[in-house]
Amino acid sequence: MDNIYLYMIIALAILAIADLVVGVSNDAVNFLNSAIGSKAISFRTIMVVASLGVAIGAVFSSGMMEVARKGIFNPGEFMFDEIMIIFMAVMITDILLLDFFNSVGMPTSTTVSIVFELLGAAVAVALIKIGHDGGGFGDVITYINTSKASQIIFGILLSVLVAFTIGAIIQWFSRLLLSYNIETKAHWVGALFGGIALTSITYFIFMKGLKGTSYAGQSFAVLGGMKMSAFLEAQVVSIVLISSVFWSILSYVLISFFKTNIYKLIIIVGTFALALAFAGNDLVNFIGVPVAAYNAFLAWTSSGITASAFPMDVLAEKVPTNNWLLFGAGMIMVLTLWFSTKARGVVKTSLDLSNQGETKERFQPNALSRGFVRFAMLMSQMYSFILPNSWQTKIDKQFEAPVIKISKDKKYELPAFDLVRAAVNLMVAAVLISVATSYKLPLSTTYVTFMVAMGTSLADRAWGPESAVYRVAGVINVIGGWFFTALSAFSAAALVAYLLNLNTSVMFPILLFIAFALLIRSTIVYNKKSKEIRAEDSLIKAESSSIQGVIHESANNIANVVKRGNKIYTNAINGLAKQDLALLKKNKKQILKLSNEVDGLRDNIFYFIKNLDESSVGASNFYINILGYLQDMTQSLEYIVKVSHKHVNNNHKKLKFNQIKELKEVDESLENLLNEIKEAFDSRSFEQIGSIIKREKAIFNVVSEKIQKQVDRTRTEESSPKNTTLYFGLLLETKDLLTATMNLLEEYHNAHDASVAPAKLSTEEEE
């Protein structure tokens, strides 16, 4: 039985490595968001700066988080075997919970997850002990540090509200002072902003990055024999004043004499600082529990007492962590930072929600987001009544984003936001986290950095009428996910602890196997999904400014829709024939994705028309008509897929053999037609379109013939109204699909002939 605890220690070490990977994937958004979003420096430079911060922060880490040892529960109330159950339950739950959030690309708090897992597991074990001893529910207070849990919950609410509000206010005044034309501002303006920003970040490095390390508790002769932590607390005002003067003068010198972009420097230093603090303080979220378990194991093995009789008072003492262990953990974090695709997915969510320009909205609006937007619009109207028009005009001018013109022959992805907003994000996050640390408030780094970014986005007018409901819905989803983290962490850890307590020897290997199996499955599914997204066909927005260019660009989209539409139609018929609900359900997702992509192309019409040359305005009519016909095609397919799925899902009578046979014949004719169309557009053999159009009547006749046969059957032998309705619906919608397809071909045929004719005419004139 005693060997089981050695195996648990080994398992905890492996789980710690895995937790480091999933934890960094989640928390990378905290320090990468601003630098990546602003494109201030190259991605490689960003990663090098962040890696240095993580590596140094890990080596100087305090190593042992007190919350893992005695912050949430009173260790002296538990025996060694109970503590091992708590720690094992926490690590199994933590790795699965964080991996889930990473897979869906949602940032969450590793601090909150570890705290509520410790709380859940400790409560479960405490209740088991109380029940065994015949005590009451009120005795839980003896085992649990309830004040710490309430502090964490208060910290969540406080960090969300304060970070969002302060971020919005600071960004509004920063934009009012600097506008978007930072290059034209006087040097002293940039120097003043640089001095304030860099002072904030310096203060952050001292208060959050260094104060929490093991070195902060040591005394130094240069500090008059004082401990570093005591010195930092006593000299806050001096540090801030000296830093302000130093950084302001240095900023002015760099701007005036070395032509340095001070905002880029702020972003580099800020990224390093947040990465340093993340590793120095959040590293313990991943390895604190395993290290505490290892210390408990060493104390138990040297005691000679049985596991169920050895109290865990040893965890109440401070124990330094091996520096080589911290270094190894830091290296794992750095490698994860470079190679984790999930980390970039989490960063993308934050960037999409704070993007200054148009982006593909990930979240759908809901009643709550619409309510918030309406309230904000009402407040905006009140604000316009209060301020004089002349003031409003001046303010609006400062918030007027410049129009960036890019050469049409170059592919370039615009930054999500400018350098000013990136600098404010880092500065405000640094100050808020520093202040919270000095007052010992349990604020989450993730919550603060995310909500600051959202607040600055709102103040910077990134959430305009076109995107506000989507962005607010996204923020609500993320915040809801945070509370889900706390609830699910508590519940899941409590359940795992209960199962382990039933029979540790049996449940430990089973739960460990399940955890690793789920983790491996999650990784495989995520990688497979990522490859499918990269490999699959997707519709491309038109960027050409001439009708000839639009004809060739649109050909790709038409071939794409025809190919995918062909497969969707065939799957619908096959799903009906085989009563295959899984196939029909998957087919519904495919047509919904295709329909959304076509809608996305239509949403881009405004930018397409703006991009046209004066001589090619006629291309707009062609492009709009093409998109209209593509939408008609997807709507017909959507109806066919929907009624097919509904029929099978409701367990209605299967179609008769003759009906299925006839539908297969229609599918075969349609497949041949669509394959021919796809080949013509893939090869740009537009002259073939004319011959395809000539076959229109024959294809329509095939469908009309099937409709007439069903009419005859209905009058004589058909007994199922549902089957009849379904069959007629499929055939009539197939006719609509064919009509939209032929209209599209005719539009293309006419436009191509018109664009080729002038070229032929000019050639003949030259001859």
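Is the crossing of H13 and H18 left-handed or right-handed? In this predicted model, H13 and H18 cross in a left-handed way (left-handed if the near helix is turned anticlockwise from the far one by less than a right angle, right-handed if clockwise). Residues are numbered from 1 along each chain as its sequence is written. Since the model is predicted, local features need pLDDT of at least 70 and side-chain atom pairs count only at pLDDT 80 or more, while totals for chains, interfaces and linings use all residues; side-chain values use heavy atoms, with hydrogens and water left out.

Helix H13 covers residues 341–354 and helix H18 residues 468–502 (helices are DSSP runs of H or I, at least four residues, numbered from the N terminus). Their axes come within 9 Å and cross at roughly 145 degrees (axes are lines fitted to C-alpha atoms over the stretch in contact, with angles from 0 to 180 degrees between N-to-C directions). On the H13 side, Asp352, Leu353 and Ser354 make the contact, and on the H18 side Arg471, Gly474, Val475 and Val478 (contact means heavy atoms within 4.5 Å). That set splits into 3 nonpolar, 2 polar and 2 charged residues (Ala, Val, Leu, Ile, Met, Phe, Trp, Tyr, Cys and Pro are nonpolar, Asp, Glu, Lys and Arg charged, and the others, Gly among them, polar).

Next up is the pair H2 (residues 43–59) and H12 (residues 323–339), whose axes come within 8 Å and cross at roughly 160 degrees. H2 and H12 are therefore roughly antiparallel (the label for angles over 145 degrees), and their crossing is right-handed. Residues of H2 in this contact include Met47, Val48 and Val54, and they meet a set in H12 that includes Leu326, Phe327 and Trp338. By class, the contact has 14 nonpolar, 3 polar and 1 charged residues.

H1 (3–38), H16 (419–438) and H17 (445–459) each give its lining at least two residues, with the largest share, 4 residues, from H1. The lining holds 6 nonpolar, 5 polar and no charged residues.

The second largest cavity, about 50 Å³, is lined by residues including Asn30, Pro107, Ser350 and Phe450. H1 and H17 are the elements giving two or more residues to this lining.

Methods: Parallel < 35°, antiparallel > 145°, perpendicular 65-115°, else oblique. 1 Å grid on protein atoms, 1.4 Å probe; cavity = no way out; pocket = protein on both sides within 12 Å on 5 of 7 lines; lining within 4 Å. Points joined across faces, edges and corners; volume = space filled by probe spheres on them.
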